[in-house]
Amino acid sequence: MSDRTLTLLLATGATFACASLVARVRSRAARRLTMSGAAEPAVRWALDDDARTAASADQAHILAQAWGSDPEIGVFGGTLCAEPFVRTTTDGLVMHGSLAYCTGGGLREGSPRPGVCLVHTAVGPQEARSFVNSFVHYYYVHESDSCTQDLYLRWRAHALATRGYVVLIADLLGDPHGDGWEPAWRTREALQQLAESPLVDASRLALVGWCFGGRAVMDACTPAPPGLRAVVSFHGVVDGYVPHDLTATGGSEGSAGAEAVAAPPITARALLCHAEADPFVPRDGVDACLAALGERGCRWELQAFGAAGGARQRTSPPPHSFTNPAQALNENPAFSYDARADAASWAAARELLADALGS
């Protein structure tokens with residue numbers, strides 16, 4: 001873990017802790033809004049009384065409004081289905097998540113669809129947590145079969161589901177021990193669980209992540225998971241990124257007959273969306289990541305956002321977390337929302353997914 005990543009996790013945790021103290025009680029009005037209107041699914045997401053859907057009631061209100069006014073969701077005439085997605089790995093680890101897909105609305109029925117796995121930020125998709133600074137470590141307490149609570153991820157999952165994808169909101173940290181700081185294998189495990197769903201065409205898969213998740217989806221690219229065609233990283237912490245090599249040996253490790261072979265190519269296409277003013281991810285870190293991808297033959301695209309406007313009407317450049325409207329209320333100057341960068345990056349992600357996966 002790089003020093004910059006450590007700084008980001010500490011800053012994120014401290015910001016969340018402050019918000020938790022200020023907004024421990026969520027208003028009933030905000031709660032009703034999150035479960036009604038255009039965003040209301042046919043099968044309701046599980047929502048525990050003790051779990052919050054955002055860092056504060058005001059942030060929840062902003063996200064609920066953004067979800068309910070999403071034009072793509074608004075014109076969709078079908079039905080959203082959402083359900084808990086709990087699976088046990090071959091090692092016995094219970095992994096939690098939420099599955100979302102749509103029916104009707106002109107979507108093709110009766111055949112498997114492309115699968116998209118969403119990976120959360122450093123604060124995770126749940127709201128029952130402890131932040132332990134000494135270990136830079138989150139742990140999660142799950143109710144039985146509870147769905148992920150985060151309104152932002154639910155909104156994005158709903159929007160993608162209207163385009164004909166089966167969407168898994170993965171929870172990389174959701175186990176009793178919180179041993180989620182080796183995210184690559186958990187991301188691959190979540191993608192594999194999604195691929196095994198009878199709703200999903202396992203040959204057409206994608207990973208999409210934000211911040212911590214933006215790095216996790218990059219780390220999961222190598223060795224290439226079967227069926228993975230596209231990866232999208234929004235303000236991912238990609239500095240220090242090194243693709244995971246596969247080393248084949250002609251004998252046991254360290255033996256005289258062992259011979260390393262060339263690392264496999266990255267077959268998935270990649271889109272990185274980055275803010276030039278991101279204090280946690282310097283541009284040279286992004287450039288190094290792109291160089292590493294290029295060395296593996298990856299077809300990558302970069303969207304880099306600076307300030308907009310002329311000399312007299314120049315806006316501030318987007319910082320970290322520019323995709324989330326609720327971050328407009330974050331008092332930490334390292335985090336904020338930028339509508340222009342959000343819209344452009346989301347449009348680019350939709351275009352890549354459509355081109356790589358079809359629908």
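These legends accompany close-up views of a predicted model.

**Figure 1. The whole chain in outline.** The protein chain has 9 helices and 11 strands. It runs to 359 residues, and buried residues make up 54% of them. Take the contacts between residues at least 6 apart in sequence: 71% of these join residues at least 24 apart.

**Figure 2. A stacked aromatic pair, Trp210 and Phe234.** A search of the whole structure finds 6 aromatic pairs. In one of them, the ring centres of Trp210 and Phe234 are 5.3 Å apart and the planes meet at 15°, so the pair counts as stacked. The cut-off for stacking is under 30 degrees. Trp210 belongs to strand β8 (residues 200-210) and Phe234 to strand β9 (residues 228-234), so the pair ties together parts that are 24 residues apart in sequence. Both Trp210 and Phe234 are buried. The pair is also part of a cluster: ring pairs link Tyr152, Trp155, Trp210, Phe234 and Trp346.

**Figure 3. Helix α5, enclosed along its length.** All 11 of the 11 residues of helix α5 (residues 151-161) are buried, so the helix is largely enclosed by the rest of the structure. Among the buried residues are Tyr152 and Trp155, both members of the ring cluster. Asp150 caps the N-terminal end of α5. One of the Asp150 side-chain oxygens lies 3.0 Å from the backbone nitrogen of Tyr152.

Figure 4. Arg156 is found in helix α5. Is Arg156 buried or exposed? Its relative accessibility is 3%, so Arg156 counts as buried. Arg156 lies over the face of Trp155, at 4.2 Å from the ring centre. Arg156 also lies over the face of Trp346, at 4.1 Å from that ring centre. Leaving aside neighbours within four places in sequence, Arg156 is in contact with Leu118, Trp210, Thr323, Asp342 and Trp346. Of these contacts, Trp210 and Trp346 also belong to the ring cluster.

**Figure 5. Cys117, buried in strand β4.** Cys117 is found in strand β4 (residues 113-119). Its relative accessible area is 0%, so Cys117 is buried. Which residues does Cys117 touch, not counting residues up to four places away in sequence? They are Leu168, Ala170, Ala190, Leu191, Leu194, Ala206, Leu207 and Val208. Ala190 is 73 residues from Cys117 along the chain, yet their C-alpha atoms are separated by 7.5 Å. Ala206, Leu207 and Val208 fall within strand β8 (residues 200-210).

**Figure 6. Helix α8, with one face buried.** Helix α8 (residues 283-295) has 13 residues, which at 1.5 Å a residue should span 18 Å. Its end C-alpha atoms are 18 Å apart, which agrees. The buried residues of α8 are Gly285, Val286, Cys289, Leu290, Ala292 and Leu293. Seen down the axis of α8, they fall within an arc of 160°, so they line one face of the helix. An α-helix has 3.6 residues a turn, so residues three or four places apart point the same way. What covers the buried residues of α8 includes α7 (212-219), β10 (269-275) and β11. On the other side of α8, Asp284 and Glu295 are exposed. Just after α8, Gly297 takes a positive phi of about 80°.

**Figure 7. Gln327 in the loop between β11 and α9.** Gln327 is found in the loop between β11 (300-305) and α9 (339-357). With a relative accessible area of 15%, Gln327 is buried. The cut-off for buried is under 20%. The side chains of Gln327 and Asn330 are joined by a polar contact of 2.7 Å. Leaving aside neighbours within four places in sequence, Gln327 is in contact with Ser321, Phe335, Ser336 and Tyr337.

Figure 8. Ser336 has its place in the loop between β11 and α9. Its relative accessible area is 24%, so Ser336 is partly exposed. Where neighbours within four places in sequence are left aside, Ser336 is in contact with Pro319, His320, Ser321, Phe322, Gln327 and Ala328. Pro319 and Ser336 are 17 residues apart in sequence and 6.0 Å apart in space, C-alpha to C-alpha.

Key:
Residues are numbered from 1 along each chain as its sequence is written. This is a predicted model: local features need pLDDT of at least 70, side-chain atom pairs count only at pLDDT 80 or more; totals for chains, interfaces and linings use all residues. Side-chain values use heavy atoms; hydrogens and water are left out. Rings of Phe, Tyr and Trp (its six-membered ring) pair if their centres lie within 6.5 Å; planes under 30 degrees apart count as stacked, over 60 as edge-to-face and the rest as tilted. Helices (H or I, at least four residues) and strands (E, at least two) are DSSP runs, numbered from the N terminus. Buried means under 20% relative accessible area, exposed over 50%, partly exposed in between (1.4 Å probe, protein chains only). A charge sits over a ring if NZ of Lys or CZ of Arg is within 6 Å of the ring centre and within 35 degrees of the ring normal. A polar contact is a pair of N or O atoms within 3.5 Å; within protein, one must be able to donate a hydrogen and the other to accept it, and residues adjacent in sequence count only if both atoms are side-chain atoms. Contact means heavy atoms within 4.5 Å. The expected span of a helix is 1.5 Å times one less than its number of residues. The arc is that of the directions from the helix axis to the C-beta atoms.
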